[in-house]
Amino acid sequence: MQYILNIAGYNFPGNPQSIAGLKLIVGPGILFAQGPLLLAVRDQPLIPSLYVGAEHARHRKIMNPAFSYSALRLFLPIFHNISEKTVAKWKDAVAQNGGLSTVIDIPSWLARTTLDAIGRAAFDHDFGAIDEKEDELSVCRLVLQALCFAIAFENLWGYMPLWVVSAMPLLPIKRLRRLWRYTKVAHRVANGIVQTQTESYSRGKECGKDIMSILIRANLSEDPKSKLSETEVMAQLKTLMITGQETTASTLSWAFYELSRNPGFQSRVREEIKTTRAQAAQSGNGELTIADLGSMQCLLSVMKETLRYHPILTILSRVAGREDIIPLSSPQTTKTGEVVTSFPVSKGQRVLISIAAYNRLPSVWCDDADVWRPERFLEGVHAKQQTGLGVIANLCEVPIP
């Protein structure tokens with residue numbers, strides 16, 4: 001897995017059916033930035049993999065300034081404000097029930113929260129999802145079920161001919177039609193945002209500090225030969241709206257669920273937050289800073305363990321861009337008694353990577369790998385692991401664009 005995803009990642013692009021499906025939803029953004037190689041299949045000529053790497057690197061170079069530490073830390077007040085609005089809504093629901101125990105649909109509220117957070121931080125747009133305001137893109141809230149369906153349907157994309165995947169918008173399936181309707185609305189709104197901010201920047205006006213403004217500034221100052229097209233810029237915006245919202249809301253929902261089933265560790269997290277808030281107040285900080293959030297090890301272990309136990313995607317599909325030899329982390333003995341330390345793959349061969357299986361391997365995460373137990377990160381479980389795979393705590397997660 002380390003070899004395919006990290007060391008030789010550009011030699012193992014995604015399979016063409018899955019990428020074609022993603023392109024239908026978000027357009028030619030960074031998720032699709034892998035060049036013509038993705039359209040190659042077994043026994044057909046392949047474009048050199050260096051082109052694939054260069055295409056993806058071109059997108060990353062433009063987007064990197066928008067995701068730098070200095071840029072992201074400016075969004076913290078936005079996240080504070082939106083989180084407080086959500087908590088206020090929950091408190092109102094309890095108050096309206098006379099202060100008694102109240103059932104709250106956490107996944108639905110977190111979906112609204114992440115939508116508003118991404119709208120404000122990514123492109124300075126207020127969806128008003130928490131306040132249930134009418135907005136042209138409020139259809140995002142309705143598309144969540146369609147997205148869940150699309151994620152499930154994606155498991156079949158890899159086994160369909162490309163012409164079937166391309167014809168999916170024509171299928172008379174209600175949830176898919178809702179998804180295609182959303183992509184059209186998102187495209188129209190994205191076009192308006194891009195046009196407005198591009199014109200403002202061209203006239204010398206200072207753009208905002210949201211991700212899309214930073215991206216546009218970086219793109220306009222780039223070499224014309226390597227800059228993103230207007231269609232690609234809009235695709236980045238749609239990628240943030242769709243993939244960023246649902247994945248974040250889903251992970252947070254699982255975290256809340258697991259904490260509700262583990263009241264002991266929930267109490268530890270609560271006490272840690274109270275202590276950190278008290279220390280911040282003594283220092284004269286009205287809100288928690290990034291340093292404060294980073295110091296809460298119990299809270300961080302909850303998020304790491306949730307990403308391990310409930311990965312956003314359970315499986316990844318890759319296609320070998322050339323003949324290769326994949327090394328094994330440990331020698332394996334075949335049925336014939338032969339000991340192998342690597343195995344060959346042919347050009348165009350599909351490779352399936354199970355994120356869920358890796359994240360529950362006892363050899364990596366100890367014997368209780370099938371149990372949600374955040375204490376493992378407080379105990380330094382990753383210090384015992386010999387192979388580094390993930391970006392954070394050796395977790396195998398969705399690759400960062």
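Is Phe256 buried, exposed or partly exposed? Phe256 is partly exposed, with a relative accessible area of 39%; buried means under 20%, exposed over 50% and partly exposed in between, using a 1.4 Å probe and protein chains only.

Before the views, a word on the model. This is a predicted model, in which local features need pLDDT of at least 70 and side-chain atom pairs count only at pLDDT 80 or more, while totals for chains, interfaces and linings use all residues. Residues are numbered from 1 along each chain as its sequence is written, and side-chain values use heavy atoms, leaving out hydrogens and water.

**View 1. Ile216 sits in helix H10.** Helix H10 covers residues 211-220; helices (H or I, at least four residues) and strands (E, at least two) are DSSP runs, numbered from the N terminus. Ile216 counts as buried because its relative accessibility is 3%. Setting aside residues up to four places away in sequence, Ile216 touches Val194, Gln197, Thr198 and Val233, where contact means heavy atoms within 4.5 Å. Follow the chain from Ile216 to Val233 and you cover 17 residues, yet their C-alpha atoms are 7.8 Å apart.

**View 2. Trp90 meets Phe256.** The structure holds 5 aromatic pairs. In this one, the ring centres of Trp90 and Phe256 are 6.1 Å apart and the planes stand at 85 degrees, so the pair is edge-to-face. Rings of Phe, Tyr and Trp (its six-membered ring) pair if their centres lie within 6.5 Å; planes under 30 degrees apart count as stacked, over 60 as edge-to-face and the rest as tilted. The partners come from distant parts of the chain, 166 residues apart: Trp90 belongs to helix H5 (residues 76-96) and Phe256 to helix H11 (residues 230-261). Trp90 is buried, at 15% relative accessible area.

**View 3. Trp365 and Phe377 form a tilted pair.** Their rings are 5.9 Å apart centre to centre, with 55 degrees between the planes. Here too the pair links distant parts of the chain, with Trp365 in helix H16 (residues 362-365) and Phe377 in helix H17 (residues 375-378), 12 residues apart. Trp365 is buried at 0% relative accessible area, and Phe377 counts as buried at 9%. Together with Tyr358, Trp365 and Phe377 make up one aromatic cluster.

**View 4. Arginines lie over ring faces.** Look for Arg112 over the face of Trp109, 4.6 Å from the ring centre, and for Arg360 over the face of Tyr309, at 3.8 Å. A charge sits over a ring if NZ of Lys or CZ of Arg is within 6 Å of the ring centre and within 35 degrees of the ring normal.
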